[in-house]
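Let's take a look at a protein together, one spot at a time. Have the structure open and follow along.

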Amino acid sequence: CQNGIIAYILSLVGNPDTTRDIQQETNVVLWRKAGEFKEGSNFMPWALGIARMQVLSFRRDHQRDRHVFDDQVFKQLTSEYAAVPVDLDDRQ
């Protein structure tokens, strides 16, 4: 079922690295909640429900990340850095 879980998470976040992180967290929760799974029921919808909750948790946690600059600040930082003359030969 891992391929299906990965595909589901990737369709929601669009980033392979983030997908792998969320997949690992999903697997931890699946392992922890294995006793709650009802034998005879369909595992995949249950697992995807947990993956969905992990994606929502990831999004919530990263919305509060103060280390992410908006596009305007990022452009300003990169343009100011590009304007600083750096003589790498002297430093080497």
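## A threonine and its surroundings

A polar atom in the side chain of Thr19 sits 2.8 Å from the backbone oxygen of Asn15. Keep in mind that this is a predicted model. To find Thr19, go to helix 2, which covers residues 16-32.

Is Thr19 buried or exposed? Its relative accessible area is 3%, and buried means anything under 20%, so Thr19 is buried. And what does Thr19 touch, once you skip residues up to four places away in sequence? The list is Ile6, Ile9, Leu10 and Val13.

## Rings that pair up

Now for the aromatic rings. Searching the whole structure turns up three aromatic pairs. One of them joins Phe37 and Phe43: the ring centres are 5.5 Å apart and the planes meet at 75 degrees, so this pair is edge-to-face. Edge-to-face is the name used when the planes are over 60 degrees apart.

Phe37 also pairs with Trp46. Here the ring centres are 5.2 Å apart and the planes are at 50 degrees, so the pair counts as tilted. Put together, ring pairs link Phe37, Phe43 and Trp46 into a cluster.

## How open is the cluster?

What about the accessibility of these residues? Phe37 has a relative accessibility of 23%, so it counts as partly exposed. Trp46 is partly exposed too, with a relative accessible area of 23%. For Phe43 the relative accessible area is 30%, which again means partly exposed.

Definitions and conventions
Residues numbered from 1 in each chain as written. Predicted model: local features only at pLDDT ≥ 70, side-chain atom pairs only at ≥ 80, totals over all residues. Heavy atoms only, no water. Phe/Tyr/Trp six-rings, centres within 6.5 Å; stacked < 30°, edge-to-face > 60°. Buried < 20%, exposed > 50% of the residue type's maximum accessible area, 1.4 Å probe, protein only. Helix = DSSP H or I, 4+ residues; strand = E, 2+ residues; numbered from the N terminus. Polar contact = N/O pair within 3.5 Å; in protein donor to acceptor, adjacent residues only side chain to side chain. Contact = heavy atoms within 4.5 Å.
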